[in-house]
Amino acid sequence: MSQFIPAKKPANEVPRLRSVHRTGLMDSAHSDRFDIYTDLMRRLSGFPVAYCGLIDEARQYFLSHNFPQCMQVPEVPRDQTLCQFALTQPTPYIVADMRLHEKLSVHPLVTGEPRFVAWAAFPLVTAEGHVLGTLCATDYEPRHLTADQIEIMRRVASELALVIEAQVELREASARRFASALSQLSDQPSLDRTETAVRYLRLCEGTPGSADDYHRLAASGLVDKGPAGEAVLSALGRNLQSRLGLAPSGFAARRTVLSSDALMADLLDLVGV
């Protein structure tokens, strides 16, 4: 039997890695928000196993999976993954029977446990064309997907990539606002202490103020006393909040995980709901 040979690195590996690291998701705690995508992949494909993860220079870190007992790990070395082969193209990498595939027939996950056979990998592609990782489904027997299944699964993967990018943009925008706020607050004589500035920022983000907060901030003119003696933003405080970019209108809310009504309709139709 031939020896398994890892995939070549993509031509855009350096900027691709920057995009992966920028997500902040490597080593992140498990979040249920990613489970909906792997669940959809199982339902849409009919395959028993699905997973999604990001791949950096050394490993694949799983955001969600329902692997068999023999694979209960949060990550695997990059050169031992199937998904390393899906990093070089923005289109799906689908193999109905890996036992017949020139490169994958000798992969340890095919020749040994759990002995995967069918595999469908959908790259998570950023707006810049960088593949962060994959959303995949796999089976223990040969399986073929229809063109309709492939298209809707591709759209699910595109939606996941969009969610990841939106999360990055929101976090970075929040960090910029926070840095700007601290810089500008340092110019306010009554908010020159970090503790006092933090109390004001908490009010800006909607955290209820206490009576102690009011007493600490009263001299600044940025708060008024509420009905129970608590601190509430004054007109001056709301004005500063707006100038700092911390007013509610400064935030764009993403209220649905699957933002496209047409996509949701197609998904419900395919899973028979």
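1. Proline 114 lies in the loop between α3 (108–111) and β5 (118–125). Helices and strands here are DSSP runs, numbered from the N terminus: helices are H or I with at least four residues, strands are E with at least two. A cis peptide bond joins glutamate 113 and proline 114, with omega about 10 degrees. Arginine 115 is found in the loop between α3 and β5, and has a positive phi of about 60 degrees although it is not a glycine. Most residues other than glycine have a negative phi, and most peptide bonds are trans. At 44% relative accessibility, arginine 115 is partly exposed; buried means under 20% relative accessible area, exposed over 50%, and partly exposed in between (1.4 Å probe, protein chains only).

2. A word on the source. This is a predicted model, in which local features need pLDDT of at least 70 and side-chain atom pairs count only at pLDDT 80 or more, while totals for chains, interfaces and linings use all residues. Residues are numbered from 1 along each chain as its sequence is written, and side-chain values use heavy atoms, with hydrogens and water left out.

3. The overall content is as follows. The protein chain has eight helices and eight strands. Of its 273 residues, 46% are buried. Among contacts in the chain with a separation of 6 or more, 58% are between residues 24 or more positions apart; contact means heavy atoms within 4.5 Å.

4. Six strands form an open sheet in the order β3-β2-β1-β6-β5-β4, with antiparallel pairing. Two strands pair if DSSP finds at least two bridges between them. β3 and β4 (93–95) stand at the edges with a single partner strand each, so one side of each is left without a neighbour in the sheet. Neighbouring strands are turned by 20 degrees against each other on average, direction ignored; axes are lines fitted to C-alpha atoms, for helices over the stretch in contact, and angles run from 0 to 180 degrees between N-to-C directions.

5. The pairings can be followed strand by strand. Three bridges join β4 to β5, which run antiparallel, and valine 95 stands opposite tryptophan 119 in β5. β5 and β6 pair in the antiparallel sense over eight bridges; the partner of alanine 121 in β6 is cysteine 136. These two strands form a hairpin with five residues between them, and glycine 129 in the turn has a positive phi of about 90 degrees. β1 and β6 pair in the antiparallel sense over six bridges, with valine 49 facing threonine 138 in β6 as its bridge partner. β6 is mostly covered: nine of its nine residues are buried.

6. The largest nonpolar core has 30 residues; those with the most contacts inside it are Leu54, Leu63, Leu124, Leu135, Met153, Leu160 and Ile164. Such a core is a set of buried Ala, Val, Leu, Ile, Met, Phe, Trp, Tyr and Cys residues joined through side-chain atoms within 4.5 Å. At least two residues come from each of α2 (35–45), β1, β2, β5, β6 (131–139) and α4 (147–185), and α4 gives the most, with eight. Leucine 54 touches, among others, Leu63, Leu124 and Ile164, not counting residues up to four places away in sequence.

7. The structure holds six aromatic pairs. Rings of Phe, Tyr and Trp (its six-membered ring) pair if their centres lie within 6.5 Å; planes under 30 degrees apart count as stacked, over 60 as edge-to-face and the rest as tilted. The rings of tyrosine 51 and phenylalanine 67 have centres 5.1 Å apart and planes at 50 degrees, so this pair is tilted. Tyrosine 51 is in strand β1 (residues 49–55) and phenylalanine 67 in the loop between β2 (59–65) and β3 (75–77), 16 residues apart. Tyrosine 51 is buried at 5% relative accessible area, and phenylalanine 67 is buried at 6%. Tyr51, Phe62 and Phe67 form one aromatic cluster.

8. Where do the cysteines stand? The structure holds zero disulfides, a disulfide being a pair of cysteine sulfur atoms within 2.5 Å. The sulfur of cysteine 52 is 8.8 Å from the closest cysteine sulfur, in cysteine 136, which is too far for a bond. Cysteine 136 is in no disulfide either; its nearest cysteine sulfur, that of cysteine 83, is 3.5 Å away. Cysteine 52 is buried at 0% relative accessible area, and cysteine 136 is buried at 0% relative accessibility.
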